[in-house]
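Please open the structure in your viewer and follow the stops below in order. Each stop names what to select and then describes what is found there.

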Amino acid sequence: LKDRFMDIFRRLLLGGEGILAHIRKHSIEIVNTVDSSLVSGLCKLMGSLIKEQLTSSHNNGEESQTMQDNVRVDGLPLFFFSMIWSVCNTVDQSSRAVLEQFVRLRVNDMG
């Protein structure tokens with residue numbers, strides 16, 4: 001699971017063709033940010049969502065393996081939600097449509 005998230009993270013966010021580079025080159029940020037803060041925000045948000053999901057599953061009496069399976073299934077949508085609300089949410093209104101199209105192309109290229 002960790003390797004899967006790291007692969008998605010590297011392919012989408014990092015490098016000269018990643019979302020972070022695209023924001024720096026083609027977007028206007030409402031408030032200036034640094035990459036490490038954006039990534040930290042993504043990780044913290046995603047961590048809290050996964051923790052909430054695991055706590056909820058545990059409180060419902062689910063087995064440990066079932067909880068882990070739920071994170072595997074729901075993890076990708078949680079990643080995208082976290083990425084959008086932490087990394088992509090820093091740009092102004094006029095940059096959002098361009099960034100949205102870029103993100104959609106990157107995700108489609110991943111398969």
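## Stop one: the largest pocket

In this predicted model, the largest pocket has a volume of about 260 Å³. Helix 4 (64-86) and helix 5 (93-110) are the elements that give two or more residues to its lining. To display the lining, select Phe-80, Ile-84, Trp-85, Cys-88, Asn-89, Val-91, Arg-96, Leu-99, Glu-100, Val-103, Arg-104 and Val-107. Helix 5 supplies the largest share of this lining, with six residues. Coloured by class, the lining of the largest pocket shows eight nonpolar, one polar and three charged residues.

## Stop two: the cysteines

Remain at the pocket and select Cys-88, one of the lining residues. Cys-88 has a relative accessible area of 10% and is therefore buried, since buried means under 20%. Next, select Cys-43, which counts as partly exposed because its relative accessibility is 45%. A search for disulfides will return none, as the structure holds zero of them.

## Stop three: Gly-18

Now move to the loop between helix 1 (2-13) and helix 2 (19-26), where Gly-18 lies. Is Gly-18 buried or exposed? Its relative accessibility is 0%, so Gly-18 counts as buried.

Which residues does Gly-18 touch, if those up to four places away in sequence are not counted? They are Leu-12, Leu-13 and Phe-102.

Conventions. Residues numbered from 1 in each chain as written. Predicted model: local features only at pLDDT ≥ 70, side-chain atom pairs only at ≥ 80, totals over all residues. Heavy atoms only, no water. Disulfide = S-S within 2.5 Å. Buried < 20%, exposed > 50% of the residue type's maximum accessible area, 1.4 Å probe, protein only. Helix = DSSP H or I, 4+ residues; strand = E, 2+ residues; numbered from the N terminus. Contact = heavy atoms within 4.5 Å. 1 Å grid on protein atoms, 1.4 Å probe; cavity = no way out; pocket = protein on both sides within 12 Å on 5 of 7 lines; lining within 4 Å. Points joined across faces, edges and corners; volume = space filled by probe spheres on them. Nonpolar A, V, L, I, M, F, W, Y, C, P; charged D, E, K, R; others polar.
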